[in-house]
Amino acid sequence: MDEFLSRLTRAPRPEFSKQLYERINQPMKTNRLQTVSHWTPAFVGVGALLLALLMFTFPPAQALAQGFLDQFRVRRFAAITVDPARMQQIANSNIDFESLFGSNVQVVKKGEAKTVANAQAASQAAGFRVFAPSSVPNGATLKETQVVGEGIVNFKADAAKLQTLLDALQIKDAKIPAKLDGATITLHRYPIVAMSYSTGRDPLNFVQSKSPEVTLPDGVDLAQLGEVALRIVGLSASEAKQFAKTIDWHTTMLVPVPANAASFREVSVHNTTGLLITMGGTGGSSFRSNDAPRQRSMLLWSEGDMVFSVEGGPVGTELVDFANSLK
Amino acid sequence: MTVASRWLQHIAPLVAVRDLNWEAVYADELPRIYNFFRFRVGDGMLAEDLTATTFEKAWRARGRYRRARAAFSTWLFTIARNVAADHFRREQPQLSLDGLRRHTASELTEEVAERRAEFARLSLLLAKLPEREREMVALKYGSGLNNREIAKLTKLSESNVGTILHRVVSQLRAQWDTLKEE
């Protein structure tokens, strides 16, 4: 009987197998553009969370009144040290992040990824002048250049779901702006160019794009929502209030950095200020079973209406050299 | 988080796409997950739908997978079990011998038809089992998990899993011939 039971298994239909694979394979391809790192999932979750909250805080009516530059676009990256215990708490909370921030997602325009031959072809495909390095770390060779097309997505914010997260984290005193609920948020992502390099060690990934834009109906209290975000990543009520006042929420992208696993510093890059984050050794989780997490660094900066990131195993100074050689 | 994380992934790529070979994972795990659902809900499109849901959820949640906590297959089967539980919360299982016979009537070959008919009979027996037992049979014989893996998923002791499965299989064996003669 035992053998008989096992014998009744059956291979999935080839058509089903193929179709399902293709359905999830597209995002797989797209995500190969991402740089690889060993940031902990909690860190990622909090990072996306904070970013999403930041995105919620842009009132377009106000932006229209104040002019073009006030529209939410990344002009500056700033790190915020966050409590790893809180990250762990979020990771353990079993919160469905997939549906946390909104529902009724409407993909107005879906950017497809395609591989191009070189930076010139990438410029043509992306519609902006693509920067390429004149100096790369020793042994690095360009492996692939990809362009992801423009994407536009609308979705509705759901305050109740955000409140669920606050409740799970036992944050009692933070108030979600009433006008957030049901607000339609539009994310406009411009074409992205991603270059990946083989280094003989961990790969090096360079991403550039025009800054994305976020719009939200008028009436959401920007600072209030910012405080909520800061509470979520572990700041106390007074810290969050004080910190929120120092941030230009229209142009600053906060990057949460776990206090026990990463360090960061500001560096001079291409005549502007960039944020260099280094993680390694004690933090992060590697899927490799036979080695410890290796040190990885990420450099983020903005220049004009462009945002850039370069990330990989090379040490931070090499990433800065890479960035400074861009032409 | 979907929309925000997509944006984040492209602009400030902090998302961990690690060394997991998804193509290999897909090839290895698809038949196991698919047969888990076949043993839970029977043959047909529903098993495929639930399998697809599981893989789509796994892909979207891949950033939350941690090797330090569980083997990938354990993580994937945790998702599959949740997908199954969600399904059964929404709908009660609906199986009838007539329906299963109709299902097998159009098979192309006698061998395939016989195999399907056998599985249909088994599905009827499985449908009568309590939820926990049916799931354990699906994990053991549909997906090929060993008792230790099942124990880890179900939070039962390994010996308890062995005892339950032995009892359930004995019951199935006793009922099998009777149903076959109907």
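Mentor: Two residues are in contact if their C-beta atoms, placed from the backbone, lie within 7 Å. The structure above is a predicted model, in which local features need pLDDT of at least 70, side-chain atom pairs count only at pLDDT 80 or more, and totals for chains, interfaces and linings use all residues. Residues are numbered from 1 along each chain as its sequence is written, while chains are lettered from A and ligands numbered from 1 in the order in which they are written.

Trainee: Are helix 4 and helix 8 of chain B parallel, perpendicular or oblique to each other?

Mentor: Helix 4 covers residues 72-90 and helix 8 covers residues 147-154, and the two pack at an angle of about 55° with their axes 10 Å apart. Angles under 35 degrees count as roughly parallel, over 145 as roughly antiparallel, 65 to 115 as roughly perpendicular and the rest as oblique. Helix 4 and helix 8 of chain B are therefore oblique.

Trainee: Does Lys140(B) count as buried or exposed?

Mentor: Lys140(B) has its place in helix 7 of chain B, residues 131-142. A residue is buried if 20 or more other C-beta atoms lie within 10 Å of its own, exposed if 12 or fewer, and partly exposed in between. With 25 C-beta neighbours inside 10 Å, Lys140(B) therefore counts as buried.

Trainee: What distance separates the C-alpha atoms of Lys140(B) and Leu165(B)?

Mentor: Leaving aside residues up to four places away in sequence, Lys140(B) touches Leu145(B), Ile150(B) and Leu165(B). Lys140(B) and Leu165(B) are 25 residues apart along the chain, and their C-alpha atoms are separated by 8.5 Å.

Trainee: In which helix of chain B is confidence lowest?

Mentor: Confidence is given as pLDDT, the predictor's value for each residue, from 0 to 100. The mean for chain B is 74, with 69% of its residues reaching 70 or more, and pLDDT stays under 50 over residues 1-19 of chain B. Helix 7 of chain B has the highest mean, 92, whereas the lowest, 35, belongs to helix 1.

Trainee: In which helix of chain A is confidence highest?

Mentor: Chain A has eleven helices and 14 strands, and its mean pLDDT is 72, with 72% of its residues reaching 70 or more. Over residues 27-71 of chain A the pLDDT is below 50, and helix 4 (residues 60-66) of chain A has the lowest mean, 27. The highest mean, 93, belongs to residues 119-126 of chain A, which form helix 7.

Trainee: What percentage of the 327 residues of chain A count as buried?

Mentor: In chain B, which has 182 residues, 37% count as buried. For the 327 residues of chain A, the figure is 43%.

Methods: Axes fitted to C-alpha atoms, helices over the stretch in contact; angles between N-to-C directions. Helix = DSSP H or I, 4+ residues; strand = E, 2+ residues; numbered from the N terminus.
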